[in-house]
Amino acid sequence: MVKIPEWRQDPEPVLVNCLKVHEWPQFGEYIVQFENHEGHFTSFVPKQHVIPDGKFLHAFIIADVENGVLVDIPAETLTSGPRIQVTNAEKDTVLTFRNWVKELENGT
């Protein structure tokens, strides 16, 4: 039996740890690559959603699922949509739990 996601009323801002971040200046985007238990992903993401120096991608945890969470990223990947599942076992390697929304509001 499939367990239905428990949707969060207030999505939690997190950062996705990217393996690579390449600037694509003519389109105002970054090409980002990251991976989780489902494989390796590539996405073309508008610059405002990427922290290139730290290799981070802005994202939100939107739901809790069995053994993990669902994460919305700001652009679709080349092989799937704009949502990835991160297991509890890989949370610390795929995600950085930092509230980047508050950092933007505070100007840091």
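Colleague: Is Trp 24 buried, partly exposed or exposed, and what makes it so?

Modeller: Bear in mind that this is a predicted model. Trp 24 has a relative accessible area of 25%, and since buried means under 20% and exposed means over 50%, Trp 24 is therefore called partly exposed. Phe 44, with a relative accessibility of 27%, counts as partly exposed by that reasoning.

Colleague: Why is the ring pair of Trp 24 and Phe 44 called tilted?

Modeller: The ring centres are 4.9 Å apart, and rings pair if their centres lie within 6.5 Å; the planes stand at 50 degrees, whereas stacked needs under 30 degrees and edge-to-face over 60, so the pair is tilted. Trp 24 belongs to strand S2 and Phe 44 to strand S4, 20 residues apart, so that this pair links distant parts of the chain. Ring pairs also join Trp 24, Phe 27 and Phe 44 into a cluster.

Colleague: What makes S2 and S4 edge strands?

Modeller: The open sheet has three strands in the order S2-S3-S4, with antiparallel pairing. Strand S2 (20-24) and strand S4 (39-46) each have a single partner strand, so one side of each is left without a neighbour in the sheet.

Colleague: How do you know that S2 pairs with S3?

Modeller: Pairing asks for at least two bridges, and five bridges join S2 to strand S3 (residues 29-36), so the two count as paired. Within S3, Glu 29 stands opposite Trp 24.

Methods
Residues numbered from 1 in each chain as written. Predicted model: local features only at pLDDT ≥ 70, side-chain atom pairs only at ≥ 80, totals over all residues. Heavy atoms only, no water. Helix = DSSP H or I, 4+ residues; strand = E, 2+ residues; numbered from the N terminus. Phe/Tyr/Trp six-rings, centres within 6.5 Å; stacked < 30°, edge-to-face > 60°. Buried < 20%, exposed > 50% of the residue type's maximum accessible area, 1.4 Å probe, protein only.
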